[in-house]
Amino acid sequence: MANSNGDFEIPKTCKAGVVMNEGPDFKVVVEDVPVPEPGDRFSLLTPPGPNDVLIKLNATGICYSDIHYMLNDLPIPKMSAFGVRSPGHEGAGVIVKLGSNVKNWKVGDRAGIKPAYDACFNCELCWSAKETYCDESTQIGLQFPGSYQQYVLSPARYTQSIPDGVDDFTAGPIMCSGSTIYCSLKESGLKPGDWAVFPGAGGGVGHMGVQLAKAMGMRVVGVDGGFEKKALCMKLGCEAFVDFTKVEDVAAEVVKICDGKGAHGVFVTATNASAYAAAPMMTRISGKVMCVGLPPTGTAIAGADPLLFVGKNLHVIGTKVGSLLDTQKALEFAARGLLKPIYEVYPLAKMPEAVAKLQSGQVAGRLVVDFNS
Ligand SMILES: [Zn+2]
Ligand SMILES: [Zn+2]
């Protein structure tokens, strides 16, 4: 709560979802942890402390990447190697304290946490809004305490502003999934009127891709399984839906829908190997396979005959999480009412249940934790 001076009373401790027993049998527990001070964060990039803001989060989305980090099933160092216990990178809240050098924010400003935490801002990638690929790019929720902790530090120069008209529960999932698929759509170079196909259209990333592609004027085809996913996809702007539980040759059906020639772009948000195997068959000449979803390590993407790639002038393009600019653009679509993540809210005490539910694969859309309930 803000007091009469507009300052926030900052407690000494706050609640945080922390990982116990990191690895295949991990669990999340909610406990009290110290509230960090601007000055606590050590970084080789920004001098620690004076350049950080302290954000009090109202909401955090739960992302499958968090589960990867807690399971420690990716070929990267584990959270504990960085002294981090709280994952999370989809936070939204308000700035409650400024480091002494910070001039571009004020206490009370709304701000968010996205996966990319900082970068060097002194290289070609950083200068061209590709800072997520910078050699010195860092990730929150892995290398720094993440948004499962209510009070988190963020470098002032790379903190995301949340526009009016986008509430914290909407902003959270856009920080990761929304900006990620925005980035992929932008890099695809697809134009209004082009066919955009989304394998995994009813999932956490896919359902936002459908809305953004529709808003950008593309003709959208959803590929997913079941009546509920179909109803959701058609409501969100798909012109056609292909149900892989009913249609035998999904790629042939997609080609048929897309003028009998195939899609201009296939955005693979699904995380299974078969979605990647089918995507090149769905495109037309000079079509693009956009790689977004991460199947288990060991999946081959160029498993098709090279003749297919040569004969179709096929483009295969991978994109990472969104940049600061991508995230800003995705938030603007939300502010205009054109992007509405589908989410279910969990109270803080049930954060461990939310994580377990996502891990079991039973989530349509996104789960968002409310720190104030
Ligand atoms: Zn994520
Ligand atoms: Zn850089």
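The structure is a predicted model, in which local features need pLDDT of at least 70, side-chain atom pairs count only at pLDDT 80 or more, and totals for chains, interfaces and linings use all residues. Residues are numbered from 1 along each chain as its sequence is written, while chains are lettered from A and ligands numbered from 1 in the order in which they are written.

**Overall fold**

- The protein chain has 10 helices and 17 strands; helices (H or I, at least four residues) and strands (E, at least two) are DSSP runs, numbered from the N terminus.
- A compact globule of 373 residues would have a radius of gyration near 21 Å, and the 21 Å of the protein chain agrees with this. The radius is taken over C-alpha atoms, and the globule rule is 2.2 Å times the number of residues to the power 0.38.
- The C-alpha trace spans about 65 × 40 × 40 Å along its principal axes.
- Of the 373 residues, 48% count as buried. A residue is buried if 20 or more other C-beta atoms lie within 10 Å of its own, exposed if 12 or fewer, and partly exposed in between, with C-beta atoms placed from the backbone.
- Among contacts with a separation of 6 or more, 68% join residues 24 or more positions apart. Two residues are in contact if their C-beta atoms, placed from the backbone, lie within 7 Å.

**Domains**

- The chain is divided into domain 1 (13-162 + 342-370) and domain 2 (178-318); such bounds come from an automatic or database domain assignment.
- The C-alpha centres of domain 1 and domain 2 are 30 Å apart, and their contact takes 6 residues from domain 1 and 5 residues from domain 2.
- On the domain 1 side, the touching residues are 3 nonpolar, 1 polar and 2 charged. Ala, Val, Leu, Ile, Met, Phe, Trp, Tyr, Cys and Pro count as nonpolar, Asp, Glu, Lys and Arg as charged, and the others, Gly among them, as polar.

**Nonpolar core**

- The largest nonpolar core has 99 residues, of which A196, V197, V221, V254 and V268 touch the most other members. Such a core is a set of buried Ala, Val, Leu, Ile, Met, Phe, Trp, Tyr and Cys residues joined through C-beta atoms within 7 Å.
- Helix α3 (residues 168-188) gives the most to this core, with 9 residues, and each of domain 1 and domain 2 supplies at least three.
- Leaving out residues up to four places away in sequence, A196 touches residues including L190, A213, M218 and F267.

**Helix α10**

- In helix α10 (residues 351-359), the buried residues are M351, A354 and V355.
- Seen down the axis of α10, these fall within an arc of 100°, so they line one face of the helix. The arc is that of the directions from the helix axis to the C-beta atoms.
- Their cover includes strands β1, β2, β3, β16 and β17 as well as helix α1.
- Just after α10, G361 takes a positive phi of about 80°.

**Two single residues**

- M70 is in helix α1 and is buried, with 26 other C-beta atoms within 10 Å.
- Not counting residues up to four places away in sequence, M70 touches V19, E22, F26 and P87.
- S373 is in the segment after β17 and counts as exposed, with 10 C-beta neighbours inside 10 Å.
- Beyond residues up to four places away in sequence, S373 touches P347 and L348.
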